Every structure is written in structure tokens, then in C-alpha cells.
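Please read the points below alongside the model.

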Amino acid sequence: MDTYQKLQEAAAYLQQYAGKSPKVGVVLGSGLGNFVQEIEVETAIPYDQIPHFPVSTVEGHSGKLIFGSVAGKPIIAMQGRFHFYEGYSTEDVVLPIRVMRMLGVQTLLLSNAAGGVNPAFTVGDLMVITDHISFATANPLMGPNDNRIGPRFPDMSEPYRKSLIQKALQIGQEQNIKLHQGVYFGVTGPTFETRAEYRLIQILGADTVGMSTVQECIAAVHMGMDVFAMSVVTDLGIRDEENVITHEEVLQAAKAAEPHFATIFRELIRSI
């Protein structure tokens, strides 16, 4: 069965829950699953019930596709995402993004927990992603292209929609929430970076580094979606003292940053 058929079957199954044809999709990253409290939930479907969906295996990712509304706007939310490091193909990683598009989603909001590379960042900071570097992870568009999904050579000069970035910055100003802007560097994981890798990533021009988001963004742009993404800085890679990072530390830092993160996403959805 080809990819397009899989997308059609998954979308056909989910159509019964789509209701008012949501135009906004949200992907909740590590430790950010509690944003679901902002959602007026209509239906929550475990991934293992959806045709062709992979199943999330990472702590902090609960594994449900949620149909509901935020600020009166119908949305679809992924409570838990899929990662290349879990052993999934890139096609599996981006399948839910493509299915959202098949269901009518036009704007995709992505979130992640990321390592701070910019020395000006501290744990708990929020960074609006203005661009990314994807060289260190597999491109989900490799292989034969299906023109029904998107073009062979999609333009990536504006992977994150500037108008959405401006709206988010304005919301941050109005709500007195400090927002950084910067470049996200995508890696495969699952190891956290070595000191030398952090230094290299910094030299290459990135401000945060993480194991998600990039492939989802590429697939969304390929299908003509508008993308916004934000990192919660949950650990600092550039630091002189003890540099041991644990997944528990990441989840804890994400949880502490959640109220501000939730405000930005809620008000951004309201403005769309």
C-alpha cells in the first residue's frame, strides 16, 4: 500500500470525529502534554486505534489524537509525537501531520523541549523558531515523490510563517512573556549532545537543538501548510560546570514553563 492510500484510510477513519473541519493542528512535545487542559475536548482517540498510525513509546508523550477547540476555534492536537530515534521511518514520523492536512488543517503549531545552545538562554526560556538546520537528521521527503502529496522540490525559504511569528511576538509583549527568537538544530537523538557537538552546533548558527520538529515542518511545508514552532529550553548544553542532562530534568523544566507556553499557543490559536 502506498503512502497516499494510508493517508486516505487514516483520514477516512478520523473524518467521523472531525466535526467542524479544524483548520489548526497542534503537536505537543515532551512535558507539554498538559496543554490539553486548554482544549475543550470532544474526542480523544488512542493512536493504536487509528489505521496506520505508529504508537508513541516515550515518557512524557501520552499517545492520543484529540479533536476539540481552543478559544472557540476547532483544532486537532497530537498529545505525544513520534521520533526517528524510536526506530520509526521518517514516513511514520510525519504521517500524522499529513493526515491532519488531509482533514483540512491549514496551520500547524509545533512545540518541543530543546537544549539551549545560545549562551544567553536559561532553563525555562521560550524560543520562537524562525528557521532550522536539518542536515543532521533524515529528510522525510527522500525517496519517490507523490505529486498528490506535494512537489518534488519544495521551497524552504520560509519554513516558519513570518506572519505567525509576528503574532506570537505581539502576544508575548501584551502578556509580558519574554520570547527569544532563533534557529533550531535538528538531530536524530536519542543521546544528548557531547560538549564538542554543542560547540559545533553553536558555531553553525543554532540557538537550540532537539530531536523533533524539523521533519514535521518539512512535511507540512511540502503539503502547503503554514507552520509555527516554539521551543521550551529545558537544559543548557553550553555550560562550563557539570554537564549531565537527564530526561527527568527535561520534563521538569518543560512543566515549569507550561503556563507561559500555553498562553502563547492559546492566544495564537484565537488570532488565527
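**Notes on the predicted model**

1. T137 sits in the loop that joins β6 to α3 (162-174), where helices are DSSP runs of H or I with at least four residues and strands are runs of E with at least two, both numbered from the N terminus. With a relative accessibility of 14%, T137 counts as buried, a word that here stands for under 20% relative accessible area, while exposed stands for over 50% and partly exposed for what is in between, using a 1.4 Å probe and protein chains only. If neighbours within four places in sequence are set aside, T137 is in contact with G186, V187, T188, V214 and Q215, contact being heavy atoms within 4.5 Å.

2. On provenance, this is a predicted model in which local features need pLDDT of at least 70 and side-chain atom pairs count only at pLDDT 80 or more, whereas totals for chains, interfaces and linings use all residues. Residues are numbered from 1 along each chain as its sequence is written, and side-chain values use heavy atoms, with hydrogens and water left out.

3. How many cavities of 30 Å³ or more does a search of the whole structure find? The search returns two, a cavity being a set of points, on a 1 Å grid over the protein atoms alone, where a 1.4 Å probe fits but cannot get out, and a pocket being an open set with protein on both sides within 12 Å along at least five of seven lines; lining residues have an atom within 4 Å of a point. Grid points are joined across faces, edges and corners, and a volume is the space filled by probe spheres set on the points.

4. The largest cavity holds about 60 Å³ of space, and T137 is one of its lining residues, together with F84, G186, V187, T188, M211, S212, V214 and Q215. Both β7 (179-187) and α5 (214-222) supply at least two residues of this lining. By class the lining has four nonpolar, five polar and no charged residues, where Ala, Val, Leu, Ile, Met, Phe, Trp, Tyr, Cys and Pro count as nonpolar, Asp, Glu, Lys and Arg as charged, and the others, Gly among them, as polar.

5. For the second largest cavity, the space amounts to about 40 Å³. Its lining consists of F82, H83, F84, V93, M211, S212, T213, Q215 and E216, and by class these are four nonpolar, four polar and one charged.

6. Helix α5 deserves a separate look, because nine of its nine residues are buried and the helix is therefore largely enclosed by the rest of the structure. The buried residues are V214, Q215, E216, C217, I218, A219, A220, V221 and H222, and they pack against β1 (24-28), α2, β5 (107-116), β6 (126-136), β7 and β9 (226-236). Just after α5, G224 adopts a positive phi of about 85°.

7. The second largest pocket has a volume of about 220 Å³ and a lining of 14 residues, of which T3, R98, P140, M142 and P144 lie nearest its centre. Two or more lining residues come from each of α1 (3-18) and α2 (90-102), with α2 giving the most, at three residues. By class, this lining has six nonpolar, four polar and four charged residues.

8. Y4, by contrast, belongs to helix α1 and is buried at 16%; leaving out residues up to four places away in sequence, Y4 touches M102, D146, R148 and I149.

9. Taken as a whole, the protein chain has six helices and nine strands. Its radius of gyration is 17 Å, close to the 19 Å that the globule rule gives for 272 residues, so the chain is as compact as a globular protein of that length; the radius is taken over C-alpha atoms, and the rule is 2.2 Å times the number of residues to the power 0.38. Of the 272 residues, 56% count as buried, and among contacts between residues at least 6 apart in sequence, 81% join residues at least 24 apart.
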